[in-house]
Amino acid sequence: MDEHLARLLANTQLPQEGPRKQAELDLAQFKSNPEFPATLARIGGNAATPVEIRQAALAVLRKFIEQNWSPDGEDGPHFPIADPTKEQLRNMMLSLVLSPEDERKVKLAASYAVSKIAMVDFPDQWPTLLPTVLNAQLHGALRILQDLVEESLSDEQFFSVARDIIRAVYEVAMNENRKQNHRGLAVLVFRHCFDLMDIVKEDHKKEVKAFAEEVLSGWLPFFEKVINSPLPDRASTPSQPDNWYGPITLKVQVIKTLIKIKSVFPALLLPQSPSFFTVSWQELSKLQDAYQELFITADAQGRLEDIDGLPFTLDFLVLDELDFLNQLMRAPPVQKQLQADIAAHAAAHDTPWVLELMKLLVSYSQITQEEEGLWDIDVSLYLAEEASVSSNYTARTACGDLLIKIGEWLNQQALEGLFAYTKTLFTGEAVSWRRQEAALYLFNTIVSDFRDCNKPVPTEVASAYLELVNYAISRQDEPILRARGFLVAGALCQSFQPASALLDRAIESMTSDASELVNVSCVKAVEGFIRAGIRVDRQIPIVLAIQRFMEAKDLTDLEDADDLLVTLLETLRTAISMDIRIAIHPDSTAINLLFEIAKHGAAHFQVNNIVNETFEEIVRTLVDSASYTALCAKVLPSLVGAFEAGNVTQDNPLVTLATELLALLVEHGSEPLPTGFVASALPKLTHLLMTSTEGEVLRPGAEAVKFMLEHDHHQVFGWQDANGRSGLEVCLLIIDRLLGPTVEDNAASEVGGLAAELVEKAGQERLGPFLPQLLQAVAVRLDSAQAAPFIQSLILVFARLSLVGAQDVANFLSDIQINGQSGLQVVLSKWLENSVNFAGYDEIRQNVIALSKLYSLNDARVAQTQVKGDLVINTATSNRIMTRSRAKQNPDQYTIIPAPLKILKVLIEELLSASGVQAAANAAAAAINDFADAEDDDGDEGWEDEPGDTLDLSLASTKADLMGWIEGNNSRQRDDETQQYLSEFFLRAAREDIAGFKAWFEMLTDDEKAKLHELASQHEQQQIAAQQQQHHAQ
């Protein structure tokens, strides 16, 4: 069996698809054989077998273990592994990992298998694992320790074994006779221990902190020594010498561990922060020349990791050192020392350390050969770096971040220090353009941050930089420096108006400059010029320049250049916002350019968002009838044409975007809609809604039809399609299709709003016999609906009808049967169970009023309807973590109560939500928890707070983010109108005993009664106050 399986494993790696797939099928057949896992283990451990076959065997074994060692019964089929086989596999895999064999790839694959077993068996079924590993102290043992700490140890288990693990890896790390990468791996395991300490300290802060302080007393001196130790001498070669790999591996792990310690126990690092700051700065200073030669002058390969995932190239070390220096700059002992140096000199820019730091930052901010090559191929990568949306975090980016932090601390002194060094780079002949560009890049970064923080840029500094910008944009042989000059101008003009004089040159260079990098930089810079407040007469030249830029491109090439598309869109949007009437100007191409970019970037999320936001701003602004009619004449043909283009090319993102834009156009439409609007839009939209299965199309499509009915139902009902069907009949067909079983809940979530609008606008006279059929279809679909937005959408059909005819709704639902149950039972059960989860102020208010009217009917059929009441707390499971399997075994239980009582409970809950009491209570509870945490937690324990981590509530963006968070968390805010209605309802119900209110009141919980008593008390106090005020007035 061993040889046969080995052949199959070899065949699974064949390039020919037929034999490879057959081998995979044959291999799968062996899974039911009890000897299958042990055979794979033997193949993996056989040194005579080729390495790639051994690796394959161990990879298959790992997956088999993962699926079958402790199957949960959900992802079958499963092949149980017998206990004797498990014991055999544990021993074989651990022996292979800890063996003296040199084949690292095999041992690594075996360690993955050990990790999967340990996640289930350690420590109960495998108590010998940790002692065996701790005694081994080989590479394989370190890998297992890493996996144990990362994945297998619980916080309770960590408590009992932490000291042993840390002692073992400490001995490896300290042993200078061990390989440096092994020592680095030991430091990595130590760092992962802090991840567990971070979890454990929540409940045992003092004990864990004391333990950390004890172990760090030995580690911190070692870390400082590692950072301070020089790299071996290097010959001047274009690649990193081999004897640097080990030392860099160890240094990187030390730096990463120090950063982790600072995040978990900052106070423990604070006393050593000045010494670590000194050695880190010295290290970065010493590495400048090597970094320059390897990555700036030459194109050495960087970002390399070894088989254990440990970085070992110089660029990684520099990046981590810069990040660590950033952290250390915020330590009060460091700041105190540096501030004293500044105070001892006439100015910050005369202070040696300030100039040295700026020199250091400029040095590491230079564009590498790799970046220059990539930007030459794809300017989108350059724009991604500029917008800080690239995942490629580099030394250049880290320098910008560090300078921002210095600016937050030293304010204008940071700018003055940067300029003092920068001006030395623009004098003389031998200075590199890369250093000039790097200095301007850093200024670009800090001046943008100053603008965001509303900090002024000193006029003399801004004026001096404007001279440097003029120099940069004139360097014909240095396109990257020219591009940077324009970007700085676009940022500087927002703080220094004279820089706006360069606008026309930027507009011209968008198309005239020979460098594409300069072209796109000018596109981006122009957005900054517009935001600075330029004259509106520059709008048309800007739009024309964007048009010429796009005409010079093969737009199909831009479909993958999403960052370039976003830059074009951002500038176009800003240009349109100067005077939105340009969108309907007969000679303007602004709206055409918007749609052209949308056409080629519809598949990109950010492009979609910007196009939607820009178009919404246009339609919200052009609200008068004449402007709206002109806008429709301009955009409707393109939107409807997109449906046809999408169908032809199968470009679904384009169809989705066009449908969303059409929905926006109709939502903000005039009343009535322009003549012929429905005839132009509804035929294609109907075809889409009758054929598509995509929720992204069906939701906005249904909304668009709903808005047509809302704004001009006469035009909809007066229209006929090519088959002679009326608009009313077409709407009914659309609703019937969306309510059908072939459309998923989420895709049909807007059909309820469409149905409710149709019923309201058509009325019983037009609908005739279709009305009961429509309502029954809604009720039937509601019975099976699961998605909350869809349920709300369907319920609101009956809620809106109940506003004007609650009795008719009750009568209708009582007369129909759904799956053997009364329609009233089905709809009320779903309605009352989901009401508290409704979203949207108007929808909540409509729902509240509709429920109060149903209650006030005092209908016996409603009173006899039994629905879910309060949750019954199961004391046996309330203190246990509820897994999916436990939840299935112990589903939530509810009391069963009459519908009128449930309505009152829902309305009391809504009264609290509308008053803002619930939101305030939640906020207070959160504040109390935060205060309690603050009492136990030292926070950053003496380190300067990071401004980026503090919310500035004065910022509009912060408010918008908070509102989005609130909406996302379904947290209700104050709603005076709904509160007033509910208050009056309960007071009148109590006063007049509406629908037997007093009897129902006695069935409420004590908390619910207390809430209504409080309402009555507040009302009484308000009456007394009003009477007193009236008395004083008399």
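**Helix contacts and a buried proline**

Student: Which residues meet where H4 and H5 touch?

Tutor: In this predicted model, Arg 54, Leu 58 and Leu 61 of H4 meet Leu 89, Met 93 and Leu 96 of H5.

Student: What about the geometry, at what angle do the axes of H4 and H5 cross?

Tutor: The axes of H4, which covers residues 51-68, and H5, which covers residues 83-98, cross at roughly 135 degrees and come within 14 Å. Angles over 145 degrees would count as roughly antiparallel and 65 to 115 as roughly perpendicular, and the two helices are therefore oblique to each other.

Student: Left-handed or right-handed?

Tutor: The crossing of H4 and H5 is left-handed.

Student: Switching to H20, how many of its residues are buried?

Tutor: H20 is mostly covered, with 14 of its 16 residues buried. Helix H20 runs over residues 395-410 and reaches 22 Å from its first C-alpha to its last, which is close to the 22 Å expected at 1.5 Å a residue.

Student: What comes just after H20?

Tutor: Just after H20 comes Asn 411, which takes a positive phi of about 55 degrees.

Student: Then Pro 266, where is that found?

Tutor: Pro 266 is found in helix H13, residues 266-269.

Student: Why does Pro 266 count as buried?

Tutor: Pro 266 counts as buried because its relative accessibility is 2%, and the cut-off for buried is under 20%.

Student: How far apart are Pro 266 and Arg 475?

Tutor: Pro 266 and Arg 475 are 209 residues apart in sequence, and in space they are 48 Å apart, C-alpha to C-alpha.

Key:
Residues numbered from 1 in each chain as written. Predicted model: local features only at pLDDT ≥ 70, side-chain atom pairs only at ≥ 80, totals over all residues. Heavy atoms only, no water. Axes fitted to C-alpha atoms, helices over the stretch in contact; angles between N-to-C directions. Helix = DSSP H or I, 4+ residues; strand = E, 2+ residues; numbered from the N terminus. Parallel < 35°, antiparallel > 145°, perpendicular 65-115°, else oblique. Left-handed = near helix turned anticlockwise from the far one by under 90°. Contact = heavy atoms within 4.5 Å. Expected span 1.5 Å × (residues − 1). Buried < 20%, exposed > 50% of the residue type's maximum accessible area, 1.4 Å probe, protein only.
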